[in-house]
Amino acid sequence: SLSDRLGNVFDSLRGRGALKEDEVRAAMREVRIALLEADVALPVVRRFIDKVTEAAIGQEVLRSVTPGQQVVKIVNDALVEMLGGEDGAAQAKLDLEAKPPVIVMMVGLQGSGKTTSTAKIAKRLKETEGKKVLMASLDVNRPAAQEQLAVLGEQAGVATLPIIAGQQPVEIANRAMQAAKLQSFDVLMLDTAGRLHVDEALMAEMKAVAAVATPKEVLLVVDALTGQDAVNVAQSFTGEVPLTGVVLTRMDGDARGGAALSMRAVTGKPIKFAGTGEKLDAIEPFVPSRVANRILGMGDIVSMVEKAAASVKEEDAERLAKKMAAGKFDLDDLRMQLQQMTKMGGLGAIAGMMPGMKKAKAAMAQSGMDDRVLLRMDAIISSMTAKERANPALLNAKRKKRVASGSGTQVQDVNKVLKMHQEMSKAMKQIKKMGGLKGLGALFG
Ligand code: GDP
Ligand code: MG
């Protein structure tokens, strides 16, 4: 496992301070092998390693954790991010915001689990969201495919379109749409045929159905156990039909979860559900952090580093609180904040995380601030002297000019930084009034 692999590298990572490039690269060589062993597709592994290497080099090692543990956390976070991020649960929901009947179309290779997943999802929609669902099988290739769906529908307590022998997929789709409309169904699920391999006839059939049904969701069903092959499948379907999400089946098997990472990277679409067995209840919303843990297998270290980070945050917040109490929130503190923001994923990521900062945020938005601006502000503050940073009032017109030319910006940019500092000092006083430390903790992400 990755823990064994990284063990040796970790022992050699003894330095304090920032993570060094050669250390990071050595660790990444092991991560790379572990990902390949977890069946992640090679191009995806490459992309992932590049991203993580860049993120890790130079990152400060938290007090009380080892550099190796910190690398694990960085890798974990990147995995979670690449699998859909922390708000995976929100993305796992089907988008059914449309005039009913809303159409959900299932596509994928034969045996991937389309029919089973159709029934599982229909049952879920009925039971958890109270939706009235109709299912229709458009699989006219496989003998008894339509009967299979009818049987599952009976088990799930979900209606299926009556079977009429001899109809072609597009005809069945049209009939299903009519029935769903007439009988006021909320959702119509179309289970399509698959072949053993992606071929033109299959794609043509799918496109024809998609053209008449204009589905709100098109879910690609892939077998997690097929690992590398799953990528080829995803690649062939992407671009042919307007995919909106992925269902990953057989996650109950011994799949290491690598397919999940590949799927997300190749299709760019969220993985909405994971199939975890043959029974109709064996389906779960896809949870990125859980799958990241499965790929990495180092949940203990990850939560340990998270705890360490939380305690550092507390210490930082306390230190800042003391400064505030003394009326000493200076430009060095602002710079620290900006660097935190950049680390936390930029302005977009932190919007809404800052209590009492509405005014400052509005000011940011007004000045057209984006993440490059964070870097520019950092450059501006770096061009000031230590004295100026500690006492912004020193910055008269002449000094501002010097700072502007030193940072390759304009005096008006320097003014924006000073304005922001003022807004933030004001907001901080407000936070303090509102109850202090807790609010401040949030500022440090
Ligand atoms: P289709 O050809 O894509 O429609 O695939 P089916 O829905 O007929 O599924 C093929 C087989 O895979 C069936 O025996 C299913 O019970 C099984 N299957 C589907 N999803 C899962 C899953 O998540 N876990 C397990 N263990 N089996 C599954
Ligand atoms: Mg089927």
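Two residues are taken to be in contact here if their C-beta atoms, placed from the backbone, lie within 7 Å. With that in hand, welcome to this predicted model, in which 13 residues of domain 1 are in contact with 17 residues of domain 2. The chain as a whole is split into domain 1 (2-86), domain 2 (89-290) and domain 3 (327-443).

**Where domain 1 meets domain 2**

- Taken over C-alpha atoms, the centres of domain 1 and domain 2 are 35 Å apart.
- On the side of domain 1 that touches domain 2, helices α3 (42-56) and α4 (67-82) each provide at least two residues.
- Of the elements on that side of domain 1, α4 gives the most, with three residues.
- Sorted by class, the side of domain 1 that touches domain 2 has nine nonpolar residues, two polar ones and two charged ones.

**The pairing of α2 and α3**

- Helix α2 covers residues 21-37, and its axis comes within 10 Å of the axis of α3, the two crossing at roughly 150°.
- Angles over 145 degrees count as roughly antiparallel, so α2 is roughly antiparallel to α3.
- The crossing of these two helices, α2 and α3, is right-handed.
- From α2, the contact is made by V24, R25, M28, V31, R32, L35 and L36.
- From α3, the residues making the contact are V45, F48, I49, V52, T53 and A56.
- By class, this contact of α2 with α3 has ten nonpolar residues, one polar and two charged.
- The loop between α2 and α3 holds D39, a residue with a positive phi of about 75° although it is not a glycine.

**Around ligand 1**

- There are 18 residues around ligand 1, and those that come nearest are G113, K114, T115, T116 and G275.
- Helix α6 (residues 114-129) contributes the largest share of the shell around ligand 1, namely three residues.
- In terms of class, the shell around ligand 1 has twelve polar, four charged and two nonpolar residues.

**A cis peptide bond to look at**

- The peptide bond running from P100 to P101 is cis, and its omega is near 0°.
- You will find P101 in the loop between α5 (88-92) and β1 (102-107).

Notes. Residues numbered from 1 in each chain as written. Chains lettered and ligands numbered in written order. Predicted model: local features only at pLDDT ≥ 70, side-chain atom pairs only at ≥ 80, totals over all residues. Domains from an automatic or database assignment. Helix = DSSP H or I, 4+ residues; strand = E, 2+ residues; numbered from the N terminus. Nonpolar A, V, L, I, M, F, W, Y, C, P; charged D, E, K, R; others polar. Axes fitted to C-alpha atoms, helices over the stretch in contact; angles between N-to-C directions. Parallel < 35°, antiparallel > 145°, perpendicular 65-115°, else oblique. Left-handed = near helix turned anticlockwise from the far one by under 90°. Near = placed C-beta within 6 Å.
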